[in-house]
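Work through the two exercises below with the sequence and the model open beside you. Each solution goes step by step.

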Amino acid sequence: MERTFLMIKPDGVQRSLVGEVIRRYEAKGFTLVGLKLMAVSRELAEKHYDVHKDKPFFGGLVEFITSGPVVAMVWEGEGIVASARKIIGATNPLTAEPGTIRGDYGVTIGRNLIHGSDAVETARNEIALWFSEDELAAWEPTMKGWLYE
Ligand code: DAT
Ligand code: MG
């Protein structure tokens, strides 16, 4: 089953949106398989955002992600990588559609509340970067027959 990595950024934690974010993915029908509130080291932040290391916003992004605790999560479900990104909305909260997390709760690109893996391969790498195998729990939701044909 497909998995993705989601991370509620320090602004989402500070704004008490942890429950609201988790609620949306639970209600959708996705399965939570890993969850932890944690401080992010500079090393982890730089590795996570390595693809952006030459961008002008890289320094500020690393500062922001290491500025307070984040909630790191792994979720599972059919087509979850693309679907989770749709639920998150566009990178800039001002252009993100209402009904998305960023569209409903964000105002600026540098405080856009949540990260989601952008492809299945990226998800695999990000899950391995943020979680050890023993921190993940594979389980079969009893309602699965009501979610999948
Ligand atoms: P996304 O988080 O939607 O995948 P991204 O991978 O392009 O977006 O960028 C990672 C994060 O970097 C993004 O969530 C917020 C920040 N960021 C991106 N573009 C930015 C910009 N032009 N100015 C400031 N921060 C930016
Ligand atoms: Mg990205």
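A polar contact is a pair of N or O atoms within 3.5 Å; within protein, one must be able to donate a hydrogen and the other to accept it, and residues adjacent in sequence count only if both atoms are side-chain atoms. This is a predicted model, in which local features need pLDDT of at least 70 and side-chain atom pairs count only at pLDDT 80 or more, while totals for chains, interfaces and linings use all residues. Side-chain values use heavy atoms, without hydrogens and water, residues are numbered from 1 along each chain, and ligands are numbered from 1 in the order in which they are written.

**Exercise 1.** Find which polar side-chain atoms lie close to an oxygen atom of ligand 1.

*Solution.* Begin with histidine 52, which has a polar side-chain atom 2.9 Å from an oxygen atom of ligand 1. Next, arginine 85 places such an atom 2.7 Å from a ligand oxygen, and for arginine 102 the distance is 3.0 Å. Taken alone, ligand 1 exposes 520 Å², of which the protein buries 73% (Shrake-Rupley method, 1.4 Å probe).

**Exercise 2.** Describe the largest pocket by its volume and its lining.

*Solution.* Finally, sort the lining by class: seven residues are nonpolar, ten polar and eight charged, with Gly counted among the polar ones and Tyr among the nonpolar.

Key
1 Å grid on protein atoms, 1.4 Å probe; cavity = no way out; pocket = protein on both sides within 12 Å on 5 of 7 lines; lining within 4 Å. Points joined across faces, edges and corners; volume = space filled by probe spheres on them.
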